[in-house]
Amino acid sequence: MARIEKNSFVVEGQVRDQVRERYGRIAEQSSVDQQASCCGPNNAVSDCCGVDTAVNIDQIKMIYEAPDATELPAEVTTLSLGCGDPITLAALQPGQTVLDLGSGGGIDCFLAAKRVGQTGRVIGVDMTAKMIEKARANKVKVGADNVEFRLGEIEHLPVADGSVDVVISNCVINLSPDKEQVFREAFRVLRPGGKLAVSDIVTDGPLPDAVKQDMAAWAGCIAGALEVHDYIGAIEAAGFVDVELTPVYMDKSVIDDAVEQLQLREIVSEDDSLYHSVFSAKVTAFRT
Ligand SMILES: C[S@@+](CC[C@H](N)C(=O)[O-])C[C@H]1O[C@@H](n2cnc3c(N)ncnc32)[C@H](O)[C@@H]1O
């Protein structure tokens, strides 16, 4: 299996700092009357991975098939920054141990916690201290005793080998400067037979170099997106089998909003490949 050609513009430490800075700011600024999300409808949606625009709970309804997503406290839904519904994809069972990569404010951890019940447990890992603080406060608000949040990088998971039944993630892996390492870590912590169920941004075709070089576009979930075949290749290279990647509809307006909010208009025209290539996908794979 050929290795992914690394984005030659990317300096790993710089990406991590930029991403941490952005999500720290979002965590700090979040409030119950401000919501940010990813793949919502055309009015007032933020770029994928959230920014400062107020959006409506209807956008959570659009992203999640899970009907209880909108029933969580506003402190949680306000910090929903995903691009899909890994909970429905994961088809969780009572008693399972679930790990959420890049758990943010905790929305998917709390939904998972309900499904695995008191005999199961959920671990959320995030590298942004302010996000972890918010998630821990949200845990108290939700009363989710079977959830814990750990500060750490998804490339170096603070989780024991073979201890997890299902790894979920929502709009995070595209942000990593080393996706192969993320999938290796997911494989390491899963038990044999364990499942990977993630929502993420990928591309069909290469992104313009000017976009790939833009750190704000990376932190905004665009520049770091891999081409589909590289994304699948990275999962397979980690040892996973039965990899399935299904595109999820993404409105042009979502890209428009991201382009505006990330101030990419000067480097991206409306007929640019960005418009034809970036999309949200749901992905499953298994550890044998
Ligand atoms: C777009 S938000 C998604 C949050 C959450 N999954 C959701 O759906 O609301 C990305 C989150 O991933 C975290 N993150 C990004 N890169 C990470 C990395 N390499 N290691 C750990 N956390 C990371 C960020 O701090 C942020 O909280």
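Predicted model: local features only at pLDDT ≥ 70, side-chain atom pairs only at ≥ 80, totals over all residues.
Because eight of the 10 residues of H5 are buried, the helix is largely enclosed by the rest of the structure. H5 is followed by Gly-117, which has a positive phi near 70°.

The largest nonpolar core has 88 residues, of which Val-98, Leu-99, Leu-101, Phe-110, Ala-112, Val-167 and Ala-186 touch the most other members. Helix H5 (residues 107-116) supplies the largest share of this core, seven residues. When residues up to four places away in sequence are not counted, Leu-101 touches Val-125, Ile-154, Val-167, Ser-169, Val-172, Ile-173, Val-182 and Ala-186.

Strand S5 (residues 190-203) has 11 of its 14 residues buried, so this strand too is largely enclosed by the rest of the structure. S5 pairs with strand S4 (residues 164-170) in the parallel sense over six bridges, and Val-166 stands opposite Lys-195 in S5. Between S4 and S5 the chain passes through helix H7 (residues 179-189), forming a right-handed β-α-β crossover.

Two further pairings involve S5. With strand S8 (residues 278-286), the pairing is antiparallel and extends over nine bridges; here Lys-282 in S8 is the bridge partner of Ser-199. Strand S6 (residues 226-227) runs parallel to S5 and is joined to S5 by two bridges, with Thr-203 opposite Glu-227 in S6.

Key: Residues numbered from 1 in each chain as written. Core = buried A, V, L, I, M, F, W, Y, C linked by C-beta atoms within 7 Å. Buried ≥ 20, exposed ≤ 12 C-beta atoms within 10 Å, placed from the backbone. Helix = DSSP H or I, 4+ residues; strand = E, 2+ residues; numbered from the N terminus. Contact = placed C-beta atoms within 7 Å. Pairing = 2+ DSSP bridges. Right-handed = clockwise from strand over helix to strand, strands pointing away.
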